Amino acid sequence: MLLGYLLGAIPFGLLLARWFGAGDLRAIGSGNIGATNVLRTGRKGLAAATLLLDAAKGTLAVVLAEWLFPGHGPFAAATAFLGHCYPVWLGFRGGKGVATMLGVVLALHWPSALVFAVVWLGLLALLRISSVAGMTACISAPVSAAWFGQFDLVLLLLGMAAVALWKHRENLGRLLDGTEPRVGSRKGG
């Protein structure tokens, strides 16, 4: 569980932005450390790398746990996700967990990850509202796990989706107010 948390807590968006001269993400746009906020720096490559690395750390945590301690992948999934959302070295102020959740779902049950990715990318392309796409994708994970008969994963994925929705609470307020920015706009969110 500790290994999962420590992998999840690596703030790739913050580190990449610093290393490549894009500044401190916590002072840009929404102040979040995830890929959408990295995109606000105008560095599409860094945003893509952040998304891939945040997903990869979730996958790696589950794969390593299963290799070292068979049957403990779901525990590593939960702690990697929580590590991303609440990293100790950033005062427990981390990302919203969407990419890391995709990574853990990929390692736990790839068909549900495929549904997650299609929902996320499809809504992002259609609406250009990152928060709507991410939240809906997170909600799709427990639904698709149940659809595929993976009932042992449903409660875990429901918990992760609930945390992701909580982390998006400011976005939900802006959505209700009609002020949530679209991907490509200059406003923070």
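A salt bridge is counted where a side-chain nitrogen of Lys or Arg lies within 4 Å of a carboxyl oxygen of Asp or Glu. In this predicted model, the count by this rule comes to four salt bridges. One of them joins the side chains of R174 and E180, with an N to O distance of 2.8 Å. E180 has a relative accessibility of 12% and counts as buried, because buried means under 20%.

A further salt bridge links D54 and K57, at 3.3 Å from N to O. These residues are three apart in helix α4 (residues 44-68) and are therefore separated by about one helical turn. Both partners are buried: the relative accessibility is 2% for D54 and 3% for K57.

R26 forms a salt bridge with D24, and the closest N and O atoms of this pair are 3.1 Å apart. R26 is partly exposed, with a relative accessible area of 39%, and D24, at 27%, is also partly exposed. Through salt bridges that share partners, R18, D24 and R26 are joined into one network.

The packing of two helices was also examined. Helix α8 (residues 130-147) and helix α10 (residues 169-177) have axes that come within 10 Å and cross at roughly 125°. The angle therefore makes α8 oblique to α10. The crossing of α8 and α10 is left-handed. On the α8 side the contact is made by S131, V132 and M135, and on the α10 side by N171, L172 and L175. Of the residues in this contact, four are nonpolar and two are polar, while no charged residue takes part.

How values were computed: Residues are numbered from 1 along each chain as its sequence is written. This is a predicted model: local features need pLDDT of at least 70, side-chain atom pairs count only at pLDDT 80 or more; totals for chains, interfaces and linings use all residues. Side-chain values use heavy atoms; hydrogens and water are left out. Axes are lines fitted to C-alpha atoms, for helices over the stretch in contact, and angles run from 0 to 180 degrees between N-to-C directions. Helices (H or I, at least four residues) and strands (E, at least two) are DSSP runs, numbered from the N terminus. Angles under 35 degrees count as roughly parallel, over 145 as roughly antiparallel, 65 to 115 as roughly perpendicular and the rest as oblique. A crossing is left-handed if the near helix is turned anticlockwise from the far one by less than a right angle, and right-handed if clockwise. Contact means heavy atoms within 4.5 Å. Ala, Val, Leu, Ile, Met, Phe, Trp, Tyr, Cys and Pro count as nonpolar, Asp, Glu, Lys and Arg as charged, and the others, Gly among them, as polar. Buried means under 20% relative accessible area, exposed over 50%, partly exposed in between (1.4 Å probe, protein chains only).
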